[in-house]
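Subject: Structure handover

Hello,

The structure is placed just below, and my notes on it follow. Please read them with the structure open.

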Amino acid sequence: MGVVDDGRNGGLPLCLWGKWKFSKRFQLGYPVLFHMLDVAAIAGVLWHRYLTRQERRLIAAGLGLGAADARRVVMFWAGCHDLGKVSRFQECEPAGWARVSDDLQADTGGWRLIAHERASMHAMVGILAGFGYERTGNASPAVRAAQIIGGHHGWFHQCDVYGAASGPRVAAELGGPLWQDIRWRYTAQIRYQTQALAVPPRVSVPAAVLIAGLIMVADRLASQPHVWIPRAMAPAFGASAHYASAWRPASQEAEEPWAAAVVTASGLERADLPEVPFTTAHPHLERPNQLQASLMNQLDQAVAANGAGILVITDRTGAGKTVAMLEAQRIFNLHCGTRGAAILQPSTAIADAMYETLRDYVAAHQPERAPVSLVHNHSWQNTAYTDQFLARNGQITLDEYFTDTPEADGRPEKKVTVPDPWLRGFDRALLAQFTVATLDQTLMSVLPTRYSAFRMLGMSGRTVIIDEAHAYSPYTLRLMERFVHWLGALGCPVVVVSATLPAAVSAGLVRAYLTGAGHTGLAGRSVTVPYPGWLFAAASDASTTVMADGPRRLHVKEQRSTIEMIIRDVTYQRLGEETRAIAAGERLDRIVQEIQPVAEHGGCAAVECATVADAQDTYLHLRKILKAAGIRAGTDLVLLHGRIPGQRRGPLTRRIRDVLGPRGKRPYRLIVVTTSLLEMSLDIDLDVLVSDLASMHRLLQRAGRLWRFELLWRQQNTTKRRDRRPPWIRERGPRLSVLNPVHEGRTDIPQAWRSSDTELWMHQSAAALHTGLRTVTLPDDVPHLIEEMHAGTAGSHSEFAAMEAAHVSSLRYETHLGDTQAIPPPVRIGSLADLHRRPTTPGNAPTRAGTCPRRLLPCYLQPMTSHLTLDEKGTWPLPAGPRLKPVEIRRLLQCVVSVPESWVSGPPGQEQPALPEAWLQHPLLADLVPLFHDLASPQPASFGRHWLSMDAELGLVHRKQDS
């Protein structure tokens, strides 16, 4: 029989199952051929509605085919993904095996059970060779196509064409002649239905990764029970009829074909934002500043002429870099065939803030539909869009717990930026057209993690923005360079934004991108980015364009301001007992002196501490001393750090951002005691700032919060501007007081501070401030200060020689470690299995140097009922399952705090009650470490030498028992 006859009713056997649904009422099987045809059809829809013009061009060029033929080939490969289920896999479900025909059951031979995705790869090598695909080595089309097909579950496997993938081995391990014949006929039928008759002469690595990611998306969509069960309950009787039904509406009420409706329900379609005036997109601004205007004119012309590339924007803090990068992504998307943006941030706090900014920006364009997603390991804590679904969506939307029944309308009324349920599931949220994520989520695409191709697909096809690019260790920067290299190979526009980015780091990122785009010999080429200003390097010819000198000088003049930096030598000592008398000259005594005028005469101040423990000490001491001045703890004096549980930290952060934001109603006085949380994450304006000693680039970041909106307020009514600050503040001017811990007249960095910053750079900052640096002019002085620190010239004293040597050694180690952990660049990949030589999971992905933190869940044993609850009052019992609702998941995660692994690695000091069984099966809860509090006998919980307790006001309190 030929493929035409095989496609008719009774042509191909449909007794082999691909999906199985078991319930108390019925057992339902779905033919594997039908599922494969479903995935092929959905892949075809995704090609047009999800992939951008730039991605389609890259795939077509990577296959050496025209766009139409490339689409058909991708659909064909997608359809073949589950061919490995035509094997001993059929025995995995007894009821399904009973339906297999007697002839096939008798022809199993000596087959053995092989993972079906690997079996698909082994079987497809020979079949594709039979269709004319070249099979000569790891990079040949037959082998790479087979690896793509076999990689649909997240891993690329090695394909040994002379071993497991050889004809004799496939015949011996995957069933007898009848099984081989069925696999061949199934494949031929899918090829016939998709009309994929063209044979690609090559398969490039970037194209292979994007195709694999697309197949993963299509398979996930087709595998949803509410998608395939209705088709299984009213099946067609032949392959041709079934495939044709995918291109027809599923019912008379449906407005679009079945496959298109599946994609629509997922929220994956991409749309162009309508053009709007600048003041509509950015309603808080009356006009663009000089840097933003130069992007809208000069960059627009450069991108229109040269296409995609990498753009580096540098400017002082608070000067409008966020608006600049949003305008840059608009320009790139307009000219480069890309759609949407992915904004990558260094921390969850700044990602939460940026999510609201991007959501408002997208909504200002009034699109019909443009989902904006938030992706980080604590995104379930963010109530920005999850609360609108919790009451209506009874099941968790992770991959392992997707909803069986879609919502009635798919989204709340008038919320065009809210992701549909499918897009809110774990890594699937990366596929939304507009995304805010932590950099870690995307670095997994260049680490050997499962579904790395899925993540790379999520990043491609849009403008990728790396914000706060200076805020990473040498190890993470190395991974970032590899990530940017891949983006260059994929032709994605990239925007890098920073206020304190060293020239060597920006040059390294530009060269990595251009190398990925295919350019060599860039080692000695100058790619200096003006400060403030921008540089654009085109992927097409590596040509560079920099901000014109005239607008740059005007921008510097408009944004210029001065800040007084004063270093205060102090004696460092922990508070210990709250009643301890603080001696003159101690760190806590100096903080009181700096903050006392705010308490007495008003103003908004912050004290940025080096560690959480120091922040807690500072808060306790200020609470005691300033009580006489009428300061109310929790109202006028607040404590904010990363070890306060999310359900308290979120509202507190929002309150600070609201009242100290550009349009906030500033209180008469407010004192915030915090850690580095305010350093980048909040767009706020402070009158007074006190900081523990830190490296110069961090001090400059913190200084960026001092009088941050003064330039903006100058454009407003003069009287209102004066009312925003107390008179004594205006008389003194902006001042950053830096607390320098000394011992016997020399800077002495406490041991606890050294883990949060580079010791050499802290010494260099102290030396620079002690040698006469008092007034800093922004933005003029920033480049000199940053390069001086990174070049080591500020600390030329012989006493720094040992520290500098240790720093250089650490830098080389982390850089080498990053090279060993990252996947190879595309040009160094032979077999696609090179992407997963040392496979790891997203939960263990080494995106940052050092050990992964552990997540601690405080819970309380109620004395009357002996029940465990999430709060001391006993209003939130621990949910036990068996299936957990989203509201329960989010409530749990809002109570979690992250701690160093060493704190909980010791043996617990008390008996640990067993966690609910449902938690152990849940990807977000399985690794939680419970912190039990017995309310009948309150005392800290011990883990070896570490004592931990959750305080309602201070957050997590840690004490280490002396050796």
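In helix α22, the residues Pro474, Tyr475, Arg478, Leu479 and Arg482 meet Leu811, Glu814, Thr815, Leu817, Gly818, Asp819 and Gln821 of helix α35; contact means heavy atoms within 4.5 Å. By type, the residues of this contact divide into 5 nonpolar, 3 polar and 4 charged. Here Ala, Val, Leu, Ile, Met, Phe, Trp, Tyr, Cys and Pro count as nonpolar, Asp, Glu, Lys and Arg as charged, and the others, Gly among them, as polar. Helix α22 and helix α35 (residues 801-821) pack at about 40°, and their axes are 7 Å apart. Axes are lines fitted to C-alpha atoms, for helices over the stretch in contact, and angles run from 0 to 180 degrees between N-to-C directions. α22 and α35 are therefore oblique to each other; angles under 35 degrees count as roughly parallel, over 145 as roughly antiparallel, 65 to 115 as roughly perpendicular and the rest as oblique. Their crossing is right-handed, which is the term when the near helix is turned clockwise from the far one by less than a right angle, anticlockwise being left-handed.

On the source: this is a predicted model, in which local features need pLDDT of at least 70 and side-chain atom pairs count only at pLDDT 80 or more, while totals for chains, interfaces and linings use all residues. Residues are numbered from 1 along each chain as its sequence is written, and side-chain values use heavy atoms, with hydrogens and water left out.

Overall, the protein has 37 helices and 25 strands. Helices (H or I, at least four residues) and strands (E, at least two) are DSSP runs, numbered from the N terminus. The radius of gyration is 30 Å, close to the 30 Å that the globule rule gives for 963 residues, so the protein is as compact as a globular protein of that length. That radius is taken over C-alpha atoms, and the rule is 2.2 Å times the number of residues to the power 0.38. The C-alpha trace spans about 95 × 75 × 55 Å along the principal axes.

Next, the sheets. An open sheet is formed by 8 strands in the order β5-β6-β4-β7-β8-β3-β9-β10, with mixed pairing; two strands pair if DSSP finds at least two bridges between them. β5 (372-375) and β10 (544-546) are at the edges with a single partner strand each, so one side of each has no neighbour in the sheet. On average, neighbouring strands of this sheet are turned by 15° against each other, direction ignored. Strands β4 (residues 341-345) and β7 (residues 463-466) run parallel and are joined by 4 bridges. Alanine 341 stands opposite threonine 463 in β7. Helix α22 (residues 474-490) lies across β3 (309-314), β4, β7 and β8 (494-498), at about 165° to β7.

A 3-stranded open sheet has the order β23-β24-β25 and antiparallel pairing. Its edge strands, β23 (941-943) and β25 (955-960), each pair on one side only. Strand β24 (residues 946-951) pairs with β25 over 6 bridges, and serine 949 has valine 957 in β25 as its bridge partner.

One further helix pair: α17 (residues 321-336) and α18 (residues 348-364) pack at about 50°, with axes 12 Å apart. α17 and α18 are therefore oblique to each other, and α17 passes α18 in a right-handed crossing.

Regards
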